[in-house]
Amino acid sequence: MRYLLRRFAVLLLTLWIAVTVNFALPRLMPGDPVQTKLATIPGISPLARQALEKQFGLDTHQSIVGQYFSYLGHILRGDLGRSFTYFPSSVTSMIRQSLPWTLGMVGFATLLACALGCGLGMMAAWRRGAAGGNRNSRLDTFLVPLGVMCGAIPPFWLATLLVYFVSFKLGWFPVGGSRTPGAAGGLSGTFDVLKHAVLPAFTLTLVSLGGWVMLMRNSMLTVLNDDFVKFARAVGLPDRTIAYRYAARNAILPVFTQLAMALGIVVGGQVFIEIVFSYQGIGYWLLQAVMNEDYPLMQGIFLIITVTLLVANFLAEALYVLVDPRVRVEASK
Amino acid sequence: MNVRATLSNPRAIIGATILAFFILVAILAPVLSPYSPTDINFAVGLGPTWQHWLGTTEGGQDILSQLIWGTRESVSVGLLTGVLICVVQLVMGVFAGYVSGFTDTAFATVTNVFLVLPALPLLIVLSAYLQGSGGSGSTAVLIGVITITGWAWGARVLRSQAIALRDRPFVEAARVSGEGRWHIVLSHIVPNMLGIMVANFFGAALFAVLAEAGLEFIGLGNINTVTWGTMLYWAQNDEATLMGLWTWLLVPGLCILVFGTALGLLNFAVDEIANPSLRRD
């Protein structure tokens, strides 16, 4: 319990740092791009501008400390301000609209890559590392360089190639977007949404697969050296039981931590992939905000991404205590 | 670092050969390149011909020359950023882990904060603030931003290694004989964790190459330099695929893929050699 409390304190500290960095960044820029940008919003009345400055914590009548506290207050109330580019819409509503797309597509691809990667990594390690296993197992020999290669694919490049060859030339999938505008609901609407998600999800699964394979393989190889595996073999347990019930269960722990991180990052979307496929998730809007110098939108998205990742991390650490008895003993000391 | 183990590791040999090839191309760029990469006086949008092996761009530049000079820029940015990340890790991880006490607590806290900040969005947001989105950024800022976002993970690994070495007798002996802190770190601690540091370097360089190309692709670098990333930026911008100029899009990406695979293989192989439980022998 004390361990969890300490982790919670670290979580709060990190959250505070993230919020403060978010506040400080635009103010550290040379010149005053935010003010310049504010002046260019078409048809904005002086009154609206003043209100906007207030919402963005830029009230010029306030000191920087005052600005900081009013910024904190707005955030605590869940108010992230309004977008410059899509002026009347609030940042919160824009995030709420794009979040389901990212969660669905990126979340599914992350889970798929993790499951596939773990399976492959476990098999490769078992073929090679088990006593009596083949040190030059063909599966392992090919899987390692293939996994490394997956990790070196520039995702945006693969995405561009797929859009051209599979969508444009072969016409198998839509060229972009997250759904056909004005598409019907129901079954055909669902099918339409799925069709738009196939290529982005495939790209993401492929580029992230290698990392999972390597992580699981190395973790499993380390576990296979442990005495309890030798003991299980000496006792005469069947290979399957040793591999799945003993070795893999121990080897999965680092994967578990990594998965929590990866699921935390899901909310951030995949900027490069979403951009190439014009898939309108969080990553897509983050880049739109960057391109249009839409600072409230950029800050809001970055804040959401950071907070989710921090909370996911904390939950992973808390769950870790439940899953791994060794950590529980360590933690209670 | 075990030299014999390195020479008998096929992954290390393949990785090192590819790396050496790209470094050679980078060094010999002025000799190898048939034209100037910025010469725009060729016919626009040519397919592969005898004069232009990989064709020309929509802007009338020779793609092969761009690729060769781009190799020089991308490889040097990647490796230089890898080195910089290692230096930061040396201070934040190894040095902090060795000296312990307040410095260590402070540095470890900073590392933990950076560790949980999302790398890719941070990369994009920082670049946007520091150099705008107009594509007129500087390479120095690009390198700086990648360094800031890429060091934390390795620093944590190195710190735990340094802590494990801190109380070993030979380090104790050096401390008692009055050697300075940095001297002990550099001549006693680092040589004993060289394998992990080298593996880390290749991992960092891989991250840097992909991050550089990605940022340049979305226009957050300097679009007037010739690199693999900016080639892809222009290819995408001028709709190379629709014009049938597939070499323009295909080849720079393949270079990133092959060069990145080499770095990844070296990272893996060195890790394998340094970590006995993963070793093949």
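This is a predicted model: local features need pLDDT of at least 70, side-chain atom pairs count only at pLDDT 80 or more; totals for chains, interfaces and linings use all residues.
Residues are numbered from 1 along each chain as its sequence is written, with chains lettered from A and ligands numbered from 1 in the order in which they are written.

The C-alpha atoms of chain B fill a box of roughly 70 × 45 × 30 Å along the principal axes. Of the 281 residues in chain B, 48% are buried; a residue is buried if 20 or more other C-beta atoms, placed from the backbone, lie within 10 Å of its own, exposed if 12 or fewer, and partly exposed in between. Among contacts in chain B with a separation of 6 or more, 70% join residues 24 or more positions apart, a contact being two residues whose C-beta atoms, placed from the backbone, lie within 7 Å.

After H12(B) comes Glu239(B), with a positive phi near 50 degrees.

H4(B) packs against H12(B) at an angle of about 130 degrees, with the axes 7 Å apart; axes are lines fitted to C-alpha atoms, for helices over the stretch in contact, and angles run from 0 to 180 degrees between N-to-C directions. H4(B) is therefore oblique to H12(B), since angles under 35 degrees count as roughly parallel, over 145 as roughly antiparallel, 65 to 115 as roughly perpendicular and the rest as oblique. Here Gln66(B), Gly70(B) and Ser74(B) of H4(B) meet Trp228(B), Gly229(B) and Met231(B) of H12(B). By class, this contact has two nonpolar, four polar and no charged residues, where Ala, Val, Leu, Ile, Met, Phe, Trp, Tyr, Cys and Pro count as nonpolar, Asp, Glu, Lys and Arg as charged, and the others, Gly among them, as polar.

In chain A, the domain assignment, which is automatic or from a database, gives domain 1 (2-76) and domain 2 (91-331). Between them, 15 residues of domain 1 are in contact with 14 residues of domain 2. On the domain 1 side, H1(A) gives the most, with 11 residues.

Between the chains, 40 residues of chain A are in contact with 33 residues of chain B. H13(A) gives the most to the chain A side, with seven residues. That side has 29 nonpolar, nine polar and two charged residues.

The largest nonpolar core has 163 residues; such a core is a set of buried Ala, Val, Leu, Ile, Met, Phe, Trp, Tyr and Cys residues joined through C-beta atoms within 7 Å. Met220(A), Leu286(A), Met298(A), Ile301(A) and Ile124(B) touch the most other members. Leaving aside neighbours within four places in sequence, Met298(A) is in contact with Leu286(A), Ala289(A), Val290(A), Val125(B) and Ala128(B).

Notes. Helices (H or I, at least four residues) and strands (E, at least two) are DSSP runs, numbered from the N terminus.
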